Amino acid sequence: MKAVITGATKGIGKAIAAKFAQNSYDLILVARSLSDLNKLREELTPYGNVVFIHAADFSVKEEVYAFLNSATINLDQVDVLINNVGGFFPGSMLDEDDETFEKQQHLNTNATYYLSKFFGKKMRSAKQGHIFNICSVASKVPAKNAGSYSVTKAAMLSLNHVLRQELAPHDVKVTAFLPGATKTSSWEGTTIPDEKFVQPEDIAETLFTILNLSKGVNVDEVLITPLDF
C-alpha cells in the first residue's frame, strides 16, 4: 500500500506519516525543506518501509507539477492521498496585501485541486483509493482575524464535496477533516497548555480508523475540536 502525504514534516502531516509507517505503508512525503524530509525519512527507517521524498513549495504551480511529473514516472498507483499542505497568515482581509490571499489560495485550495485531479484519475481507473483533505473548522465558520484563510479553507471543503460526488461511483472515498485548534507550528510561542489542544496524533489515529472501515461506507466529514479551549 502506498500513501502520498503533503506537508509531511510537521504537525498533522508528520503524525500521519508515522502512523502509516507503523502500519507497513510505503510513503511518498512532500514538504518544502529537503533537510526536514531527510530527517523524517531517517526517523521512519526502523519500520522498514520504502520512503520517497520530494522537496517542493506548493504555493508555486510549477513545483506542484514537477512533483506530479516525477510521480508519473515513479508511481504506478497510490492508495491514499493526504492533502495536508496549507498556509495560515492571520490578519484583516480588508487591510492585507493581495499576495496574502493569493498564497493561501495556492496552498490551501489550488494544490489540493491539482493533486486530487492527478491521483483521483488514477484511483478512478483502479476503482479504489481514499483521498483525505485536511480542511479546518474555519471551512464552515470564519475565524476572527483570518478572513483569507477562512475563504480558502471553505473552498477546500467545497472541493472535497465535489471530489466525493465525482469519485463515489468509482468506489473511491473522499473525507474532509475539520480540526479545531491543533498543536502545530501555527501555535508556536503560545502560553496555552498543550493539553488544551487537539493533538496531531488524535487526527492521525482517527484518520487511520476511517481508512480501515468497510468498503461500502464513506465518512464525509470529521469535525474534531478541543474539549474546552
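## Exercises on a predicted model

Asn84 touches Thr6, Gly7, Ile12, Gly13 and Ile134, not counting residues up to four places away in sequence. Keep in mind that this is a predicted model.

**Exercise 1. Place Asn84 in the chain, then decide: is Asn84 buried or exposed?**

Step 1. Find the position. Asn84 sits in the loop between β4 and α4 (98-126).

Step 2. Read the accessible area. The relative value for Asn84 is 13%.

Step 3. Apply the cut-off. Buried means under 20% relative accessible area. Asn84 is therefore buried.

**Exercise 2. Describe how helix α1 packs on helix α2.**

Step 1. Locate the helices. α1 covers residues 11-22, and α2 covers residues 34-44.

Step 2. Take the geometry. The axes lie 10 Å apart, at an angle of about 30°.

Step 3. Name the arrangement. Angles under 35 degrees count as roughly parallel, so α1 is roughly parallel to α2.

Step 4. α1 and α2 make a right-handed crossing.

Step 5. List the partners. From α1 come Lys14, Ala17, Ala18 and Ala21; from α2 come Leu40, Glu43 and Leu44.

Step 6. Sort them by class. The contact of α1 with α2 has 5 nonpolar and 2 charged residues, and no polar ones.

**Exercise 3. Which residues have the most contacts inside the largest nonpolar core?**

Step 1. Name them. They are Phe20, Leu27, Leu29 and Ile82, in a core of 31 residues.

Step 2. Find the contributing elements. Those giving two or more residues to this core include β1 (2-6), α1, β2 (26-31) and α6 (200-211).

Step 3. Zoom in on Leu27. Neighbours within four places in sequence are left aside. Leu27 then contacts Ala3, Ile5, Ala17, Phe20, Ala21, Leu44, Val50, Val51 and Phe52.

Step 4. Look for another core. A second, separate core has 25 residues, among them Phe58, Phe67, Val85 and Tyr114.

Terms used. Residues numbered from 1 in each chain as written. Predicted model: local features only at pLDDT ≥ 70, side-chain atom pairs only at ≥ 80, totals over all residues. Heavy atoms only, no water. Axes fitted to C-alpha atoms, helices over the stretch in contact; angles between N-to-C directions. Helix = DSSP H or I, 4+ residues; strand = E, 2+ residues; numbered from the N terminus. Parallel < 35°, antiparallel > 145°, perpendicular 65-115°, else oblique. Left-handed = near helix turned anticlockwise from the far one by under 90°. Contact = heavy atoms within 4.5 Å. Nonpolar A, V, L, I, M, F, W, Y, C, P; charged D, E, K, R; others polar. Core = buried A, V, L, I, M, F, W, Y, C linked by side-chain atoms within 4.5 Å. Buried < 20%, exposed > 50% of the residue type's maximum accessible area, 1.4 Å probe, protein only.
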